Amino acid sequence: MQFPKTFDDLIEEANTLALYKKLIQQLNKDFLLANIDLGFHEDVLPSSLKLMLHETVFKLIQEKFTEYLNLLYIIDVPENDVKALDGDDTLRLSDDIAFLILKREWQKVWFKNKYSS
């Protein structure tokens, strides 16, 4: 399985497979587990999803770093992927992390869909 390389590719694949709502549900579930007050409506536009996720990650990095690390742990974002990012620009870093979060959540949804009976 080749996972998407960009946000647009990920959203396109989720819509093609009719799994966009499942992706949103998975995000909501993991954010709730991480005790982060962010819930997406299932009909959220992809552009709004990207913006809200980016803003939330940026605020977590700036103001609640422990909660940010906890979120990455709960979602199971690969540590090597995070370490490979450039941390000099927090705005760019938060955008990259938001994509890693979405990509990992997409993997969960895709595997559940592919291998559930």
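**Exercise 1.** In this predicted model, compare the span of helix α3 with the span expected at 1.5 Å a residue.

*Solution.* Step 1: α3 has 18 residues.

**Exercise 2.** Which residues of α3 are buried, and how do they fall around the axis of the helix?

*Solution.* Step 1: list the buried residues, which are L49, L53, H54, T56, V57, L60 and I61. Step 2: look down the axis of α3; these buried residues fall within an arc of 165°, so they line one face. Step 3: turn to the other side, where S47, K59 and E63 are exposed. Step 4: find the cover over the buried residues, which includes α1, α2, α4 and α6.

**Exercise 3.** Decide whether H54 is buried or exposed, and find what it touches.

*Solution.* Step 1: locate H54 in α3, which runs over residues 46-63. Step 2: buried means under 20% relative accessible area; H54 has 17% relative accessibility and therefore counts as buried. Step 3: leaving out residues up to four places away in sequence, H54 touches L91, S94, D95 and A98. Step 4: the side chain of H54 reaches the backbone nitrogen of D95 at 3.4 Å.

**Exercise 4.** Which residues touch the most other members of the largest nonpolar core?

*Solution.* Step 1: this core holds 36 residues, and L49, I101 and W106 touch the most other members. Step 2: α6 gives the most to the core, with ten residues. Step 3: take L49 from α3; beyond four places in sequence, L49 touches I11, Y20, I24, L27, F40, V44 and L102.

Technical notes: Residues are numbered from 1 along each chain as its sequence is written. This is a predicted model: local features need pLDDT of at least 70, side-chain atom pairs count only at pLDDT 80 or more; totals for chains, interfaces and linings use all residues. Side-chain values use heavy atoms; hydrogens and water are left out. Helices (H or I, at least four residues) and strands (E, at least two) are DSSP runs, numbered from the N terminus. Buried means under 20% relative accessible area, exposed over 50%, partly exposed in between (1.4 Å probe, protein chains only). A polar contact is a pair of N or O atoms within 3.5 Å; within protein, one must be able to donate a hydrogen and the other to accept it, and residues adjacent in sequence count only if both atoms are side-chain atoms. Contact means heavy atoms within 4.5 Å. The expected span of a helix is 1.5 Å times one less than its number of residues. The arc is that of the directions from the helix axis to the C-beta atoms. A nonpolar core is a set of buried Ala, Val, Leu, Ile, Met, Phe, Trp, Tyr and Cys residues joined through side-chain atoms within 4.5 Å.
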